[in-house]
Amino acid sequence: MVTSTLVSILITFLVIVLVLWLIARLPVGGGVKQIAQVIVIIIGIISLLKYLAVF
């Protein structure tokens, strides 16, 4: 149980980092990048909190 939760948290964290890296490489304006990064971070935090049984 604990191992699967840790693996899920690690995979979620790695996906968040990968998506943020891909957003940073997009050839779009800074404002659009910042909005996309904030959205990804919020979704990532909510996902991590679900794994930790907060929600």
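This is a short walk through one chain and its two helices.

First, the ground rules. The model is predicted, so local features need pLDDT of at least 70 and side-chain atom pairs count only at pLDDT 80 or more, while totals for chains, interfaces and linings use all residues. Residues are numbered from 1 along each chain as its sequence is written, and side-chain values use heavy atoms, with hydrogens and water left out.

Start with the overall build. The chain has two helices and zero strands. Those are DSSP runs numbered from the N terminus: helices are H or I, at least four residues, and strands are E, at least two. The radius of gyration is 13 Å, well over the 10 Å that the globule rule gives for 55 residues, so the chain is more spread out than a compact globule. That radius is taken over C-alpha atoms, and the rule is 2.2 Å times the number of residues to the power 0.38. Along the principal axes, the C-alpha atoms fill a box of roughly 45 × 20 × 5 Å.

Now the surface. Buried residues make up 9% of the 55 residues. Buried means under 20% relative accessible area, exposed over 50%, partly exposed in between, with a 1.4 Å probe and protein chains only.

Next, the helix pair. How do α1 and α2 cross? Helix α1 covers residues 2-25 and helix α2 covers residues 30-51; their axes come within 10 Å and cross at roughly 180°. Axes here are lines fitted to C-alpha atoms, for helices over the stretch in contact, and angles run from 0 to 180 degrees between N-to-C directions. The two helices are therefore roughly antiparallel, a label for angles over 145 degrees; under 35 is roughly parallel, 65 to 115 roughly perpendicular and the rest oblique.

Who makes the contact? On α1, the residues include T5, I9, T12 and I16. On α2, among them are K33, V40, G44 and Y51. Contact means heavy atoms within 4.5 Å.

T12 sits in helix α1. Is T12 buried or exposed? T12 is buried, at a relative accessible area of 13%. Leaving aside neighbours within four places in sequence, T12 touches S47, L48 and Y51.

L52 lies in the segment after α2. L52 is exposed, with a relative accessible area of 52%. Its C-alpha is 10 Å from that of V2, 50 residues apart along the chain.

Last, S4, in helix α1. S4 counts as partly exposed, at 42% relative accessibility. S4 and I42 are 38 residues apart in sequence and 23 Å apart in space, C-alpha to C-alpha.
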